[in-house]
Each structure stands twice: as structure tokens, then as C-alpha cells.
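Please look through the sequence and the structure shown here before reading the notes below them.

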Amino acid sequence: MFKKGFKAAHFMTSHKVGTVVDIIYEKNNQLTIGGTTSSVVWIVLEFNDKNKQKFKEKYRSGDLIRIFD
């Protein structure tokens, strides 16, 4: 589980650590034979690059790992 202010990184690029700034819950109303599909949770991370400029990227919550510094 992630909360705003936590540090996290994508599991494939764990050297690139960002801060959680937003959590987006997206409903999925697609109907299939087995029933409705699950909703998707997106996490927005804010990064600082070498020039002290900030940029944001959006990831699925299952692809992130929490970083404990």
C-alpha cells in the first residue's frame, strides 16, 4: 500500500526513486463472461533530475516497490 509522500520506484528501474504525489483509482466497467474486471490503481511519482527540474510519471500500483531510506 502506498500513501502520498512515500518513496517508491518501478521494479525494473529501482535506482530511479520518486515520491508519491497522487493516487488515481480507475473503475473498469468492462463486462466479460466471468463477470466484471477489477479496477486499476495508478500511482503518480515525482522525480528530480540532475538539473533540479521535477517531472512526473504514472505507473500501475503493482509495478512499484516501496523504498525505505
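The notes that follow take up the sheet, its strand pairs, the contacts between side chains, and a few single residues.

This is a predicted model, in which local features need pLDDT of at least 70 and side-chain atom pairs count only at pLDDT 80 or more, while totals for chains, interfaces and linings use all residues. Residues are numbered from 1 along each chain as its sequence is written, and side-chain values use heavy atoms, with hydrogens and water left out.

**The sheet as a whole**

- An open sheet is formed by 5 strands in the order 6-5-2-1-7, and the pairing is antiparallel; strands here are DSSP runs of E with at least two residues, numbered from the N terminus, and two strands pair if DSSP finds at least two bridges between them.
- The edges are taken by strand 6 and strand 7 (64-66), each of which has a single partner strand, so one side of each is left without a neighbour in the sheet.
- On average, neighbouring strands of this sheet are turned by 40° against each other, with direction ignored; the axes behind such angles are lines fitted to C-alpha atoms, and angles run from 0 to 180 degrees between N-to-C directions.
- As a general point, strands of a sheet pair through backbone hydrogen bonds, either parallel or antiparallel.

**Strand by strand**

- Strand 1 (residues 7-10) and strand 2 (residues 18-26) run antiparallel and are joined by 2 bridges; across this pair, alanine 8 stands opposite glycine 18, and lysine 7 stands opposite threonine 19.
- Strand 1 also pairs with strand 7 in the antiparallel sense, over 3 bridges, and there alanine 8 stands opposite arginine 66.
- Strand 2 is joined to strand 5 (residues 40-48) by 7 bridges, again in an antiparallel arrangement, with tyrosine 25 opposite valine 41 in strand 5.
- Strand 5 and strand 6 pair in the antiparallel sense over 7 bridges, and leucine 45 stands opposite glutamate 57 in strand 6.
- The hairpin of strand 5 and strand 6 has 5 residues between the strands, and in this hairpin lysine 52 takes a positive phi near 65°.

**Aromatic rings and the charges over them**

- A search of the whole structure finds 1 aromatic pair, where rings of Phe, Tyr and Trp (its six-membered ring) pair if their centres lie within 6.5 Å, and planes under 30 degrees apart count as stacked, over 60 as edge-to-face and the rest as tilted.
- The rings of phenylalanine 47 and phenylalanine 55 have centres 5.4 Å apart and planes at 25°, so the pair is stacked.
- Is phenylalanine 47 buried or exposed? Phenylalanine 47 has a relative accessible area of 3% and is therefore buried, whereas phenylalanine 55, at 32%, is partly exposed; buried means under 20% relative accessible area, exposed over 50%, and partly exposed in between (1.4 Å probe, protein chains only).
- The charged end of lysine 16 sits over the ring of phenylalanine 47, 5.0 Å from its centre, and the charged end of lysine 58 sits over the ring of tryptophan 42, 4.8 Å from its centre; a charge sits over a ring if NZ of Lys or CZ of Arg is within 6 Å of the ring centre and within 35 degrees of the ring normal.

**The salt bridge**

- A search of the whole structure finds 1 salt bridge, defined as a side-chain nitrogen of Lys or Arg within 4 Å of a carboxyl oxygen of Asp or Glu.
- The side chains of glutamate 57 and lysine 16 meet in a salt bridge, at 3.2 Å from N to O.
- This pair links distant parts of the chain, 41 residues apart, with glutamate 57 in strand 6 (residues 54-60) and lysine 16 in the loop between strand 1 and strand 2.
- Both residues count as partly exposed, glutamate 57 at 26% relative accessibility and lysine 16 at 27%.

**Two further residues**

- Histidine 10 lies in strand 1 and is buried, with a relative accessible area of 15%.
- The side chain of histidine 10 reaches the backbone nitrogen of methionine 12 at 3.1 Å.
- Phenylalanine 6 is found in the segment before strand 1 and counts as partly exposed at 21% relative accessibility.

Methods:
Helices (H or I, at least four residues) and strands (E, at least two) are DSSP runs, numbered from the N terminus. A polar contact is a pair of N or O atoms within 3.5 Å; within protein, one must be able to donate a hydrogen and the other to accept it, and residues adjacent in sequence count only if both atoms are side-chain atoms.
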